Amino acid sequence: DIDLKEGTARLFGKDQEERIVHIGEKTKAAILRYWSGRTDEYPCAFHGYQDKMKVAGLRSIIRRAAKMAGIKRRVYLHLLRHTFAHNWIVGGGDLESLRRILGHSSLSTTQIYAGIDQADIHRKHAAIKPADKF
C-alpha cells in the first residue's frame, strides 16, 4: 500500500514482516509518472500481475534500471540496502533510526550495513568537533 499524501509505503520483508517506510518527493514523483503511464487495470502497484510482487520481479526491475542508467557493475537488492544505510549515516542519520528502518533487532547488524570507513569518520568529526565545544 502506498500513501502519497503521507509519503509512506507498507512493505512486507523477510517472514512477511510488515514495515512502513517513508518515501521522498522524488520517489513520489517517479511513482506518479509510472502510474500515469500504465494501461492495465491490475490492483497491484508495480507490475502487470494480480499478485504481489515477488523478489525475482524486483531483481529484474533493478537490473533493467541499472542497465538503463549505464551502471556497469552488478546491482542487486542488498547493494541498494547497504548503499541506503551508508548514505543515511554519512548524511547525518543516527544508527538507532537506521536500525528501525532496516528492521534489524540487533544494532551490531545495522553497523555492518552502515559500512562506515575512516574517511567518513574524519568528515563527521570535522563537522561535529565534539572536543572543541568545551
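Close-up 1. Setting aside neighbours within four places in sequence, Trp88 is in contact (heavy atoms within 4.5 Å) with Gly93, Asp94, Ser97, Leu98 and Ile101. Trp88 belongs to helix α3; helices are DSSP runs of H or I with at least four residues, strands are DSSP runs of E with at least two, and both are numbered from the N terminus. Lys72 is 16 residues away from Trp88 along the chain, and 24 Å separates their C-alpha atoms.

This is a predicted model, where local features need pLDDT of at least 70 and side-chain atom pairs count only at pLDDT 80 or more, while totals for chains, interfaces and linings use all residues. Residues are numbered from 1 along each chain as its sequence is written, and side-chain values use heavy atoms, leaving out hydrogens and water.

Close-up 2. Not counting residues up to four places away in sequence, Leu102 touches Arg19, Arg81, Ala85, Thr110 and Tyr113.

**Close-up 3. The three-stranded sheet.** The strands of this open sheet follow the order β1-β2-β3, with antiparallel pairing; two strands pair if DSSP finds at least two bridges between them. Which strands stand at the edges? They are β1 (2-3) and β3 (18-22), each with a single partner strand, so one side of each has no neighbour in the sheet. Between β1 and β2 (residues 8-12) there are two bridges, and Asp3 stands opposite Thr8 in β2.

**Close-up 4. Lys28 in helix α1.** Lys28 sits in α1 (residues 25-36) and counts as buried, at 14% relative accessibility. Leaving aside neighbours within four places in sequence, its contacts are Leu4, Lys5, Gly7 and Ile23.

Close-up 5. Ile61 is partly exposed, with a relative accessible area of 32%.

Note on methods: Buried means under 20% relative accessible area, exposed over 50%, partly exposed in between (1.4 Å probe, protein chains only).
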